[in-house]
Amino acid sequence: VAPARDRLRIAIQKSGRLADPARALLASCGLTWRESRDRLFCYGETLPIDLLLVRDDDIPGLIADGVCDFGVVGRNVLAEQDAGRVAHDQASAFREWRALGFGKCRLAVAVPEGWSWQGPAQLSGMRVATSYPALLSRWLADQGVAAEVAFLSGSVEIAPRLGQADAVCDIVSSGGTLAANQLKPVATLFESEAVLAGPVAELDAIRGELAALLLRRLDGALRMRHSKLLMFQAPREVLPSLLPLLPDADAPTVMRVDGAEDLALQALCHGAVTWQRLEELKRAGARGLMVLSVEGMLA
Ligand code: ATP
Ligand code: MG
């Protein structure tokens, strides 16, 4: 049993695709750290929230064992390890708390480019190489297909060329790696992105309060990530044709411009503020359009 802690501990990937964005996201919540010499541990300075730098595969287990409270990990890794627990009649010991919007990819079955794909039944009796045996086995069972699942911890995409497997089930983002190995994705099992993983049960009072604080800031940071503050002026009478161009904005603030008939507007837009949209606003009568990024927001 892990000793009681009065600091929150978050596991993130030490190096790899999720390492930098995970740290940047947590830093945007106002956390700073002092790094240990061995680069394994980062001691929280502004808040008692520490980081543990590990391999992503270890993160669900660290949460299950109570060594860490939270972790930033791909949903694919979390789901695979959870499916593995279920397959072994173990209770779930971690769950997704928040989707974080980066590290997007999907788990897909890919077959040699020369195959004409007729559907999952085509995999019957075949050997499929994967690092995700639990998710693949579950999917094959759902499809009613009996295929052999061959576990490989890495370099899955070269297995067909080496004669180790007929097909693969692997993480795809652009598809470039598959194409380079003369494979094509034919079925998606699972959509993934980085998530904040945490315990199934509630935390104790002290860490629970820290977690609530962190989640409040995280929600603000996630919400603001793509938000822009739009400022402009416009004659009062064009307002009815301007507002429909801001469907994703919180109720705009409308102010009077000193010494003029015009109005000044401020709108927080949560969708993309593209050049095209600015041009439409200008055509509808807006002037002096300004787009500002938002550093933070507390609802
Ligand atoms: P570690 O050394 O921590 O075990 P890793 O090699 O297992 O690292 P990475 O390749 O850094 O892991 O990928 C981490 C996560 O990034 C994946 O689990 C997945 O959620 C996500 N990801 C996004 N796009 C891709 C992609 N094209 N290939 C692999 N992973 C991707
Ligand atoms: Mg890994």
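## The ligand site

The shell around ligand 1 takes at least three residues from domain 1 (8-102 + 194-224) and at least three from domain 2 (105-191). This is a predicted model. In total, 15 residues surround ligand 1. The closest are Gly16, Arg17, Gly74, Cys105 and Ser173.

What classes of residue make up the shell around ligand 1? It has 7 polar residues, 4 nonpolar residues and 4 charged residues.

## Three domains

The protein chain is divided into three parts: domain 1 (8-102 + 194-224), domain 2 (105-191) and domain 3 (228-293). Domain 1 is written as two segments, 8-102 and 194-224. The C-alpha centres of domain 2 and domain 3 lie 49 Å apart.

## What UniProt lists

One is "domain: ATP phosphoribosyltransferase catalytic", from an unreviewed entry, at residues 55-204. In the model, residues 55-204 are 23% helix and 31% strand. The end C-alpha atoms of this span are 26 Å apart.

## The nonpolar cores

The largest nonpolar core has 58 residues. Which of its residues touch the most other members? They are Ile10, Val128, Val168 and Ala197. This core draws at least three residues from each of domain 1 (8-102 + 194-224) and domain 2 (105-191).

Take Ala197 as an example. Leaving out residues up to four places away in sequence, Ala197 touches Ile59, Pro60, Ile63, Phe70, Gly71, Val73, Leu78, Phe94, Glu96 and Trp97.

There is also a second, separate core. This one has 12 residues, including Phe232, Ala234, Leu281 and Ala286.

## A closer look at Glu237

Glu237 sits in a loop. The loop runs between strand β13 (228-234) and helix α7 (239-242). Is Glu237 buried or exposed? Glu237 is exposed, because 10 other C-beta atoms lie within 10 Å, and a residue counts as exposed at 12 or fewer.

Glu237 and Leu281 are 44 residues apart in sequence. In space, they are 14 Å apart, C-alpha to C-alpha.

Terms used. Residues are numbered from 1 along each chain as its sequence is written. Chains are lettered from A and ligands numbered from 1 in the order in which they are written. This is a predicted model: local features need pLDDT of at least 70, side-chain atom pairs count only at pLDDT 80 or more; totals for chains, interfaces and linings use all residues. A residue is near a molecule or strand if its C-beta atom, placed from the backbone, lies within 6 Å of it. Ala, Val, Leu, Ile, Met, Phe, Trp, Tyr, Cys and Pro count as nonpolar, Asp, Glu, Lys and Arg as charged, and the others, Gly among them, as polar. Domain bounds come from an automatic or database domain assignment. A nonpolar core is a set of buried Ala, Val, Leu, Ile, Met, Phe, Trp, Tyr and Cys residues joined through C-beta atoms within 7 Å. A residue is buried if 20 or more other C-beta atoms lie within 10 Å of its own, exposed if 12 or fewer, and partly exposed in between; C-beta atoms are placed from the backbone. Two residues are in contact if their C-beta atoms, placed from the backbone, lie within 7 Å. UniProt positions are given in the numbering used here, feature names are shortened, and annotations may be inferred rather than shown by experiment. Helices (H or I, at least four residues) and strands (E, at least two) are DSSP runs, numbered from the N terminus.
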